[in-house]
Amino acid sequence: MIDKNMIAFCGTYCGVCEWKDKIGCKGCKANKGIMFWGECDKAKCCIEKGLEHCGECSDMPCQKLKELFGDPEHGDREARIHNLNNWKAGNYVYEKLGNSAQEKAKSLNEGERFNEEI
């Protein structure tokens with residue numbers, strides 16, 4: 001079973017995120033939506049609505065999620081939408097994102113800090 005504390009609001013499972021291990025990110029819930037790259041509007045929206053994740057929202061997928069899912073670097077071939085639907089149904093499994101941002105993290109040396117290229 002997955003660690004529910006590592007379920008990101010947007011449908012990412014932070015427990016296996018490459019950024020977590022490479023730069024010491026604790027995940028969006030622990031960070032309260034303030035990520036290593038800045039404030040996450042998806043996390044802030046869930047926090048304001050009192051939701052565990054976007055899958056619980058009646059507007060899912062909203063425009064913010066559609067833009068994220070379709071982003072060339074951060075898109076995910078619908079992995080997050082599958083995760084959100086599964087988590088809403090109580091099925092705590094996940095699909096890894098496998099997008100170019102995650103691939104970039106794999107190439108970082110341990111402890112290397114995030115830079116503005118992402």
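Tutor: Start with the confidence score: pLDDT is the predictor's confidence in each residue, on a scale from 0 to 100. This is a predicted model, so local features need pLDDT of at least 70 and side-chain atom pairs count only at pLDDT 80 or more, while totals for chains, interfaces and linings use all residues. Residues are numbered from 1 along each chain as its sequence is written, and side-chain values use heavy atoms, with hydrogens and water left out.

Student: Where is confidence lowest and where is it highest in the chain?

Tutor: Helix H5 (residues 100-107) has the lowest confidence, at a mean of 73, and H2 the highest, at 96. Helices here are DSSP runs of H or I with at least four residues, strands are E runs of at least two, and both are numbered from the N terminus.

Student: Which stretch has pLDDT below 50?

Tutor: Residues 114-118. Beyond near neighbours in sequence, that stretch has eleven contacts in the model, a contact being heavy atoms within 4.5 Å. Where pLDDT is low, the predicted coordinates should not be read in detail.

Student: And the mean pLDDT of the chain?

Tutor: The mean is 85, and 91% of the residues reach 70 or more.

Student: Backbone next. Which peptide bond is cis?

Tutor: The one from Met60 to Pro61, with omega near 0°. Pro61 sits in the loop between helix H2 (41-49) and helix H3 (63-70).

Student: What is phi of Lys32?

Tutor: Near 55°, which is positive in a residue other than glycine. Lys32 is in the loop between helix H1 (18-23) and strand E1 (34-35). Phi of Arg77 is also near 55°, again positive in a non-glycine residue, and Arg77 is in the loop between H3 and helix H4 (79-88).

Student: Is Arg77 buried or exposed?

Tutor: Exposed, at 63% relative accessible area. The cut-offs are under 20% for buried and over 50% for exposed, with partly exposed in between (1.4 Å probe, protein chains only). Lys32 is exposed too, at 57%.

Student: OK, charges. How many salt bridges are there?

Tutor: Four, counting a side-chain nitrogen of Lys or Arg within 4 Å of a carboxyl oxygen of Asp or Glu. One of them joins Asp76 and Arg80, 2.4 Å from N to O. Asp76 is buried, at 1%, and so is Arg80, at 4%.

Student: What does Lys49 pair with?

Tutor: Asp59, with the closest N and O atoms 3.9 Å apart. Lys49 lies in helix H2 and Asp59 in the loop between H2 and H3, so this pair ties together parts ten residues apart in sequence.

Student: And which residue does Lys42 bridge to?

Tutor: Asp41, at 2.6 Å between the closest N and O atoms. Asp41 is partly exposed, at 34%, whereas Lys42 is buried, at 13%.

Student: What is Lys42 in contact with, leaving aside neighbours within four places in sequence?

Tutor: Phe9, Cys10, Lys64, Leu65 and Leu68. Lys42 itself is in helix H2.
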